[in-house]
Amino acid sequence: MENVLKEGLLAIEACQNLGDLQNVRNEYLSKKGLVTQLMGKMKDLPAEDKPAYGAQVNQIKQSLEAAFKLKEEALQEAAFDVQLQKGKIDLSLPSAMPLVGTLHPLTIVQTEIEQFFMGMGYLVKEGPEVELDYYNFERANIPQDHPARDMQDTFYINAEWLLRTHTTAIQTRTLEAYKGEIPVKVICPGKVFRKDDDDATHSHQFVQIEGLVVGDKISLADLKGTLELLARHLFGEARVIRFRPSYFQFTEPSVEVDVSCHICNGKGCPTCKQSGWIEILGAGMVHPNVLRMAGFDPEKVSGFAFGLGVERVALLKYGIDDIRHLYTNDLRFLNNFRRFE
Ligand code: DAH
């Protein structure tokens, strides 16, 4: 009996983990275990010895059970410590900062221009990038045989469909949608596409914002005042702008508006091709044919329109020397615009 207790206690002490302990427990305390076997021997004893024997076996059983319990707690604690050690968290490590993006410079400029015009009561209209030849050219008073339709300039999909070459396509759609109703006072932002060679100032895809106002006695003076306000809003008082007479099929008369180059301040540099000026928009009075085709009477109403390159404005505003920076999505470049949002 004493051996069972002594060896049992040693076996319990030697256990390295809870699995070992369970095995030892089975060996001693299960139905066929050593303690149970000791108890079984009681039936062979004389009656008067039985109580003392039984009490002794019970004593052993209780001692072993107590030892099991202590050992079990110790092993559980050790296992928990291992677990803690494994999942240890270094509270002194700096936390992972969430990566916050920024608006793209083109989005910033487009939004700024939209807000400027919305503040003056303009509505924002959009149109499809895959456009009908009809709205892109025909309704802009550019007939079949006009050189502006040259395959060199336009991405044609088929004889009827193309990638719009200018937001003037949205202008002609908008005019049609108004069904001769005035006033029309909209700006039309959107991507446009040209079969152009990419360089520091040209891209085969870029963003334009078209402006269009049609109403009662709208004049060139209204156009000039509007564009002057826009130029001041975008570039401040320091920049100089100039108007040059120009030609567009869909306006008469037509003007081109240049802004003095921000890189060289007008002295001449590669960005402005040594001219000191960068063209940012074309404009004019909506051509009577354009109004007539859309159901307006050019004898009764008149309008002005302009088309502005958003990239050009972004280059000027932020002093960017190459338009291609706006498309290559280099984060070292883009992250600079956080402060302009
Ligand atoms: N559509 C012209 C272009 O892409 C820009 C333009 C010029 C738009 C004069 C106009 C305008 O509305 O009146 O080059």
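What distance separates the centres of domain 1 and domain 2, taken over C-alpha atoms?

## Model and domains

The centres of the two domains, computed over C-alpha atoms, are 92 Å apart. Domain 1 covers residues 2–86 and domain 2 covers residues 105–340; these bounds come from an automatic or database domain assignment.

This is a predicted model, in which local features need pLDDT of at least 70 and side-chain atom pairs count only at pLDDT 80 or more, while totals for chains, interfaces and linings use all residues. Residues are numbered from 1 along each chain as its sequence is written, and side-chain values use heavy atoms, with hydrogens and water left out.

## Ligand surroundings

Around the ligand there are 15 residues, each with a heavy atom within 4 Å of it. Those that come nearest are His 166, Thr 168, Arg 194, Gln 208 and Glu 210.

A polar side-chain atom of Thr 168 is placed 2.9 Å from a ligand nitrogen atom. The ligand taken alone exposes 350 Å², of which the protein buries 90% (Shrake-Rupley method, 1.4 Å probe; for residues, only the protein chains shown count as cover).

## Nonpolar surface patch

Val 130, Ile 157 and Trp 161 make up a nonpolar surface patch with about 260 Å² of accessible area together. Such patches join nonpolar side chains within 5 Å, from residues with over 30% relative accessible area and no salt bridge (a side-chain nitrogen of Lys or Arg within 4 Å of a carboxyl oxygen of Asp or Glu).

Trp 161 belongs to strand β3, residues 161–163 (strands are DSSP runs of E, at least two residues, numbered from the N terminus). Trp 161 counts as partly exposed because its relative accessibility is 32%, the class between buried, under 20%, and exposed, over 50%.

How values were computed
Patch = residues over 30% accessible without salt bridge, like charges linked within 9 Å, V, L, I, M, F, W, Y side chains within 5 Å. Helix = DSSP H or I, 4+ residues; strand = E, 2+ residues; numbered from the N terminus. Buried < 20%, exposed > 50% of the residue type's maximum accessible area, 1.4 Å probe, protein only. Polar contact = N/O pair within 3.5 Å; in protein donor to acceptor, adjacent residues only side chain to side chain.
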